[in-house]
Amino acid sequence: MPEGFDQSVEVEEFNPYRAVRIAQSKFEENSIVVSDCGANLCWVYQSYLPDSSFLFTAGGNSPMGYSLPAAIGAQLTNPKKKVYCFIGDGGLQMNIQELQTIVAYNLPITIFIQNNFGYGIIKQFQDAYFSGRHFATGEGYTLPNFKDVITAYKIPYYSVRDINELKNVEIQDGYSVIDLE
């Protein structure tokens, strides 16, 4: 055991598949769940357990940022259902202006940012096909501070850095963003 290691604090490594399952356990029955593209799509579709929710995505088209406007459309056409949106950090930037739409129409959408800090699937392709030459991704490429951006829209924001924190997060009745870092 390393010197100074505190055994009383148990931090469980963040696992995006497990995060989806924990988030799902907090969802209302018969809700609508919208997933984006890339790793986000894989994490949701590979770990979401069958239930009464309506789960959808753009599938093979995989347009970055799809899930945020799709969640807005789902909420507007189904105002009595709760809508949950899973989006990546890159996808959120594609349609970040839609946060204002959520606020303006007071849409009770819970957004989960599956944050892999800069276009994770694109980085993976750059590693596989371009010998790890990262362009507009990776080290030195800085995403905005989502807390600053989201709170500027006056949207409740929660940063979750380990699984135990996610277990303690309560889903709001209105709109909110949970950043799974």
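Residues are numbered from 1 along each chain as its sequence is written. Because the model is predicted, local features need pLDDT of at least 70 and side-chain atom pairs count only at pLDDT 80 or more, while totals for chains, interfaces and linings use all residues; side-chain values use heavy atoms, with hydrogens and water left out.

**Exercise 1. Describe the largest nonpolar core and say which elements supply it.**

Step 1: A nonpolar core is a set of buried Ala, Val, Leu, Ile, Met, Phe, Trp, Tyr and Cys residues joined through side-chain atoms within 4.5 Å, where buried means under 20% relative accessible area, exposed over 50% and partly exposed in between, with a 1.4 Å probe and protein chains only.

Step 2: The largest such core has 25 residues, and those with the most contacts inside it are Leu-68, Leu-92, Ile-102, Ile-109, Ile-111 and Ile-150.

Step 3: At least two core residues come from each of β1 (32-35), α3 (67-77), β3 (83-88), α5 (98-104), β4 (109-114) and α7 (146-152), and α3 gives the most, with five residues. These helices (H or I, at least four residues) and strands (E, at least two) are DSSP runs, numbered from the N terminus.

Step 4: Leaving aside neighbours within four places in sequence, Leu-68 is in contact (heavy atoms within 4.5 Å) with residues that include Cys-85, Ile-87, Leu-92, Ile-102 and Ile-111. A second, separate core of 19 residues includes Ala-19, Phe-27, Val-160 and Leu-166.

**Exercise 2. Find which residues of α2 are buried and what covers them.**

Step 1: The buried residues of α2 are Ala-39, Asn-40, Leu-41, Trp-43, Val-44 and Ser-47.

Step 2: The cover over these residues includes α1, β1, β2 (54-56), β3, β4 and α6.

Step 3: In helix α1 (residues 16-25) lies Gln-24, which is buried, with a relative accessible area of 9%. Not counting residues up to four places away in sequence, Gln-24 touches Ser-47, Tyr-48, Leu-49 and Asp-51.

**Exercise 3. Describe the lining of the largest pocket.**

Step 1: On a 1 Å grid over the protein atoms alone, a pocket is an open set of points where a 1.4 Å probe fits, with protein on both sides within 12 Å along at least five of seven lines, and lining residues have an atom within 4 Å of a point.

Step 2: The largest pocket holds about 220 Å³ of space, and of its 17 lining residues Cys-37, Gly-38, Ala-39, Met-64 and Ile-121 lie nearest its centre. Grid points are joined across faces, edges and corners, and the volume is the space filled by probe spheres set on the points.

Step 3: Two or more lining residues come from each of α2 (38-47), α4 (89-94) and α6 (120-129), and α2 has the largest share, four residues.
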